[in-house]
Amino acid sequence: FDAVNVWTKAGLMMRESLDPGARHAFVLVTPTEAKGVAFQRRLTTGGLTLHTSGPSLAPCASLRLVRTGDVITAYYRRPPDFQWVRFSSQTFASLPPTMFIGWAVSSHERGTLAVGSFDEPNLRLGSPEWIASDIGDVAADGSSFIDEDSGPEFTVTGSGADVWDRADEFHFLSRDVTGNFDFSARMAFVDQVHRW
């Protein structure tokens, strides 16, 4: 794309609204290796932008943005192996179920246009969507991550006193189901925090 500025940006964006100060997540590439790939996001409406630098590589780069509940994860890939590499993730507070997603380009110079070209689009929508949430007074926020390229593979991290007695405390990755179901998975590992 056009190298108007070293910070000219082209990439994939998820956005809560079309308001200029809206919460968003943006995985992007810049025109040279000097700034490379980055993950930028605004966690609160009108708040400051957070920035995580990725690798120093120039276009053409493949980018990926994945939402799992309130967690947004950024990936890139490049030759020779073309494997997706996760380089940053962010948990937002209570994202709405409906968001804007699309391609974003900023020349980084007001009044000067930059053209970005995007090909090989791939959009996989969760239907129905997985929802990640803490149940009870867990004291440490849990999180969930779905690696779609591994089967998919689900990683769920949670705290909490127990799932027991009169009230439960745990992290729950779930989706709506109507009617009968048959649900199975292989448990790959469990951290030995406690024997229970």
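In the predicted model, I72 has Q90 of strand β7 as its bridge partner. This pair belongs to the contact between β6 and β7 (residues 85-91), two strands that pair in the antiparallel sense over six bridges. On another flank, β6 is joined to strand β5 (residues 62-68) by seven bridges, and these two strands also run antiparallel. Within that pairing, R64 stands opposite Y75 of β6, while S62 has R77 of β6 as its bridge partner. The hairpin of β5 and β6 has two residues between the strands, and G69 in this hairpin takes a positive phi near 65 degrees.

Together these strands make up an open sheet of three strands, in the order β5-β6-β7, with antiparallel pairing. Strands β5 and β7 stand at the edges; each has a single partner strand, so one side of each is left without a neighbour in the sheet. From one strand to the next, the twist averages 20 degrees. Strand β6 is mostly covered, since six of its seven residues are buried.

The surroundings of I72 extend beyond its bridge partner. Leaving aside neighbours within four places in sequence, I72 is in contact with M14, A25, F39, L65, V66, R67, S88, S89, Q90, F92 and L95. I72 also has a place in the largest nonpolar core, which has 15 residues; V37, F39, I72 and F87 touch the most other members of this core. The elements that give two or more residues to the core are β2 (24-29), β3 and β6 (71-77). A second, separate core of five residues includes M13, F26, L28 and A104. In soluble globular proteins, nonpolar side chains tend to be buried together.

A further open sheet is formed by five strands in the order β4-β3-β2-β1-β8, and the pairing in this sheet is antiparallel. The edge strands are β4 (49-53) and β8 (100-106), each of which pairs on one side only. The twist in this sheet averages 20 degrees from one strand to the next. Strand β3 (residues 37-42) pairs with β4 in the antiparallel sense over five bridges. One of the residue pairs between these strands is formed by R41 and its bridge partner in β4, L50.

Electrostatic pairing was examined next. The count of salt bridges in the model comes to one. This salt bridge links R23 with E16, and the closest N and O atoms are 2.9 Å apart. The two partners fall into separate classes of accessibility. R23 counts as buried because its relative accessibility is 7%, and buried means under 20%. E16, at 23% relative accessibility, counts as partly exposed, because that class lies between the limit of 20% for buried residues and the limit of 50% for exposed ones.

Leaving aside neighbours within four places in sequence, I146 is in contact with V66, T68, Y75, W130, P152, E153, F154 and L173. Among these contacts, V66 and T68 lie within β5 (residues 62-68), and Y75 is the residue of β6 opposite R64. I146 and D162 are 16 residues apart along the chain, and their C-alpha atoms are separated by 24 Å.

Conventions
Residues are numbered from 1 along each chain as its sequence is written. This is a predicted model: local features need pLDDT of at least 70, side-chain atom pairs count only at pLDDT 80 or more; totals for chains, interfaces and linings use all residues. Side-chain values use heavy atoms; hydrogens and water are left out. Two strands pair if DSSP finds at least two bridges between them. Helices (H or I, at least four residues) and strands (E, at least two) are DSSP runs, numbered from the N terminus. Axes are lines fitted to C-alpha atoms, for helices over the stretch in contact, and angles run from 0 to 180 degrees between N-to-C directions. A salt bridge is a side-chain nitrogen of Lys or Arg within 4 Å of a carboxyl oxygen of Asp or Glu. Buried means under 20% relative accessible area, exposed over 50%, partly exposed in between (1.4 Å probe, protein chains only). Contact means heavy atoms within 4.5 Å. A nonpolar core is a set of buried Ala, Val, Leu, Ile, Met, Phe, Trp, Tyr and Cys residues joined through side-chain atoms within 4.5 Å.
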